[in-house]
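Student: Can you take me through this one? I would like to talk about cavities and helix packing.

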Amino acid sequence: MFATGLVAGLAATALAAPAVAAAPPAAPSHAATQQALDAAVAAGVPGAVAAARDGKDRWTGTAGEREGDDRYRVGSITKTFTATVLLQLQAEGRLDLDDPVEKWLPGVVRGNGHDGRKITVRQLLNHSSGIYSYTEDPAFQQKVFGSGFLEHRYDTWTQRQLVDVAMGHAPDFAPGTSWRYSNTNFVLAGMVIEKVTGRPYGKAVENRIIKPLKLRATTVPGTDSRMPEPNSGAYSKLAPETGGPTYDVTDLNPSIASAAGEMISDSRDLQTFYRALLKGRLLPRAEMRELTTTLPVSAEYPEFRYGLGISWQKLSCGKEIWGHGGGIHGSVSEAYATRDGEHSLAGNFNADWTGDTQTVIEAEFCGTAPEK
């Protein structure tokens, strides 16, 4: 959960010939992207939405019970916002990403072999810390993602409680020796922001990103369980099996995700954020280099790498894109853009047991229609 593709112009004049206006370039086709949304609904997703921008071309598509301006929980896309704030703080000289976590959170990362003195803030952001992910804890999974959700959906979890769940397990590996996705990393990253700024991490996200970019549909809800309007609900089976009953999981206390995945947004705002980030509007050049310095995640998937709270993909057509995906109860989101920020896509399925969001990405950036 909270997780897991150049326009040139020529001008010429003809001697003694009347001027002829050049035909406008054909608008990019999003037919394949729409087909991917329709395929998701055919597979059982109640509603799907995607929006894209390619240069001046803008497009929004929906399928099923969806509207183009729906808001949704973005899950781990939150991680890119969190990492951006920490990079901004480094640029201001208020911390160094190579600081040990212990410097900012003394005594927090301890237990069962975890040691915050040997882990850097950078290793939190690129998932090379080895810290166990609290969302993999079986008891937490049953209570929060399984049948226990209906009883505990409004419970508040503190950041320290989430970290302590992780500290009850051994690390996955020694810091800096491998890669594994861990939501604990970004809960800790949010705690570092709070220690540096003296305010909740969400306030830093609001003041440094949401307000400057005028992201009117984007919020950091904290413990507020309500979804803002408009939205089309969120639905889950609350079980590995896909044939059981479907539950409305729209309302939940997002403190279960904190800085790893609590945010709410829409397709337009997510594109605005990633386009601004990749165009260098939020970070200086040096920090942009650090953001986009990636690690391999697996020898089996060389077309996927991870930077600082942002992922890199090389799609089937060879196009390279940057962004993040995110999953939380009844909500699977994707937001990606080309490195120049010119071609972007953001979208969401309001179900977590069926549908393939990767087909939407491939459709938009490569024009590849989903297989029937």
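## Cavity and helix contacts

Tutor: Keep in mind that this is a predicted model. Where shall we start?

Student: How do α7 and α8 cross, left-handed or right-handed?

Tutor: The crossing of α7 past α8 is left-handed. Helix α7 covers residues 159–167 and helix α8 residues 183–197; their axes are 10 Å apart, at an angle of about 140°. Angles over 145 degrees would count as roughly antiparallel and 65 to 115 as roughly perpendicular, so α7 is oblique to α8.

Student: Which residues of α7 and α8 meet?

Tutor: From α7, Gln159, Leu162, Val163 and Ala166. They meet Thr184, Val187, Leu188, Gly190, Met191 and Glu194 of α8. By class, the contact has six nonpolar, three polar and one charged.

Student: What about α2 and α10, at what angle do they cross?

Tutor: Roughly 35°, with the axes of α2 (residues 78–91) and α10 (residues 267–278) coming within 12 Å. This crossing is left-handed.

Student: Which residues make that contact?

Tutor: Thr80, Phe81 and Thr84 on the α2 side, and Leu270, Phe273, Tyr274 and Leu277 on the α10 side. Five of the contact residues are nonpolar and two polar, with no charged ones.

Student: Changing topic: what volume does the largest cavity have?

Tutor: About 80 Å³. It is lined by 14 residues, and those closest to the centre are Tyr72, Arg73, Met227, Gly233 and Ala234.

Student: And how does the lining of the largest cavity split by class?

Tutor: The lining has eight polar, three nonpolar and three charged residues.

Note on methods: Residues numbered from 1 in each chain as written. Predicted model: local features only at pLDDT ≥ 70, side-chain atom pairs only at ≥ 80, totals over all residues. Heavy atoms only, no water. 1 Å grid on protein atoms, 1.4 Å probe; cavity = no way out; pocket = protein on both sides within 12 Å on 5 of 7 lines; lining within 4 Å. Points joined across faces, edges and corners; volume = space filled by probe spheres on them. Nonpolar A, V, L, I, M, F, W, Y, C, P; charged D, E, K, R; others polar. Axes fitted to C-alpha atoms, helices over the stretch in contact; angles between N-to-C directions. Helix = DSSP H or I, 4+ residues; strand = E, 2+ residues; numbered from the N terminus. Parallel < 35°, antiparallel > 145°, perpendicular 65-115°, else oblique. Left-handed = near helix turned anticlockwise from the far one by under 90°. Contact = heavy atoms within 4.5 Å.
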